[in-house]
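Please look over the sequence and the coordinates shown here before turning to the text.

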Amino acid sequence: MAGTNGRSLTIDWASTTLVGVRSKGYTITNDYVDVTTDDDSGWRTLLANPGLRSVEVTVSGISSDQILIAEMMEATVDSETLTVQLPTTTGTLAGAFLCSSFEQTGEHDGAVEFTATFMSAGTVTYTAGT
Amino acid sequence: MSFLNIAQQIIFDRLTGNLGSGVSLFDTAPYLPEGAPSTSFPYVVMGNDTGVPFDTDDQVGAEITVTLHFWSRAEGFNQVKTIMQAAYDRLNRASLSKTGYSVLDCLHEFSEAMDDPDGVTKHGIQRYRLTIQKVT
């Protein structure tokens, strides 16, 4: 399978695709429960189901959409639907997320840039592409 | 239209008629400094551009550097430096606009004034960096 460019991975926040984005990514975490005992001969043993499942999404880019920034400010206290459009036909990840951090920086001789992190709160649904 | 052209148009519009009395602004000067009659001076020439991408996922853009050359035959450096200051006042940190484009910033990078090898002409150089995005 041929590779795909990074632009094909997009983040929709409250049904609106984030603009000004230069870098983004997501991490799916399964925190398994360690039940290792003396009887396991020194090998770690985990329960089959994770104790905690979560998804974290990070986005950064040029702060070019002030309306979106205002939305992010509000999102620090309210959860919104976030959808990760995976590259090509791989599918989507969707669920309720909270904006856990939002940062803006600006050098005197550069553009204002932003970084945001979103944490899942509840079930995240994967829908396979067609 | 390329971002180089856009940057040139923006600067041309910004400087035309604003560099002082009798100062012409050219894309290509009709004469070279060496051998030109002194009545042709002072004048300013645009040129020596560079461009690198300034893209995001949804927009294309460019960081353009534009170099201006200032030519004077007046006694001493006062005239060429005065014209350079006029250009600086019009360009550095200026709010610039161009239909269909967003100009994030226009910053002065350096200035230099020197004697031309012909011994009578003064040569000033300035470079500006424009950050431009195409509006989608």
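The sections below treat the confidence of the model, then each chain, and then selected residues.

## Model and confidence

The structure is a predicted model. For the complex, the predictor reports an ipTM of 0.75 and a pTM of 0.82.

Within chain B, the mean pLDDT is 93, and 100% of the residues reach 70 or more. Confidence in chain B is lowest in strand E1 (residues 24-26), where the mean is 92. It is highest in helix H2 (residues 78-91) of chain B, at 97.

## Overall form of chain A

Chain A contains 1 helix and 7 strands. Along the sequence these elements follow the pattern β-β-β-β-α-β-β-β. The radius of gyration of chain A is 18 Å, whereas the globule rule gives 14 Å for 130 residues; the chain is therefore more spread out than a compact globule. The C-alpha trace of chain A spans about 60 × 35 × 30 Å along its principal axes.

Of the 130 residues in chain A, 27% are buried. The accessible surface of this chain comes to about 7900 Å², and carbon and sulfur atoms account for 50% of that area. Among the contacts in chain A with a separation of 6 or more, 62% involve residues 24 or more positions apart.

## A loop of chain A

The loop between strand E3 (21-31) and strand E4 (52-62) of chain A includes Thr37(A). Leu47(A) also lies in the loop between E3 and E4 of chain A. Thr37(A) counts as partly exposed because its relative accessibility is 40%, between the limits of 20% and 50%. Leu47(A), at 42% relative accessibility, likewise counts as partly exposed.

Thr37(A) and Glu107(A) are 70 residues apart along the chain, and their C-alpha atoms are separated by 54 Å. Leu47(A) and Ala96(A) are 49 residues apart in sequence, with a C-alpha to C-alpha distance of 27 Å. Leaving aside residues up to four places away in sequence, Leu47(A) touches Tyr32(A), Val33(A) and Val35(A).

## Overall form of chain B

Chain B has 2 helices and 6 strands, and their order along the sequence is α-β-β-β-α-β-β-β. A box of roughly 50 × 25 × 20 Å along the principal axes is filled by the C-alpha atoms of chain B.

In chain B, 47% of the 136 residues count as buried. The chain exposes about 6800 Å², of which carbon and sulfur atoms supply 50%. Contacts in chain B between residues at least 6 apart in sequence include 62% that join residues at least 24 apart. There are 10 positive and 16 negative side chains in chain B, and the centres of these two sets lie 5 Å apart.

## Backbone features of chain B

A cis peptide bond joins Phe41(B) and Pro42(B), with an omega of about -5 degrees. Pro42(B) is found in the loop between E1 and strand E2 (43-53) of chain B.

Asn48(B) lies in strand E2 of chain B. Although Asn48(B) is not a glycine, its phi is positive, at about 55 degrees. Asn48(B) counts as exposed because its relative accessibility of 53% is over 50%. Arg93(B), which is not a glycine either, has a positive phi of about 60 degrees. Arg93(B) belongs to the loop between H2 and strand E4 (97-98) of chain B, and with a relative accessible area of 59% it is exposed.

Notes:
Residues are numbered from 1 along each chain as its sequence is written. Chains are lettered from A and ligands numbered from 1 in the order in which they are written. This is a predicted model: local features need pLDDT of at least 70, side-chain atom pairs count only at pLDDT 80 or more; totals for chains, interfaces and linings use all residues. Side-chain values use heavy atoms; hydrogens and water are left out. pLDDT is the predictor's confidence in each residue, from 0 to 100. Helices (H or I, at least four residues) and strands (E, at least two) are DSSP runs, numbered from the N terminus. Buried means under 20% relative accessible area, exposed over 50%, partly exposed in between (1.4 Å probe, protein chains only). Contact means heavy atoms within 4.5 Å. Accessible areas come from the Shrake-Rupley method with a 1.4 Å probe; for residues, only the protein chains shown count as cover. Lys and Arg count as positive and Asp and Glu as negative; His and the chain ends are not counted. The place of a charge is taken as NZ of Lys, CZ of Arg, CG of Asp or CD of Glu. The radius of gyration is taken over C-alpha atoms; the globule rule is 2.2 Å times the number of residues to the power 0.38.
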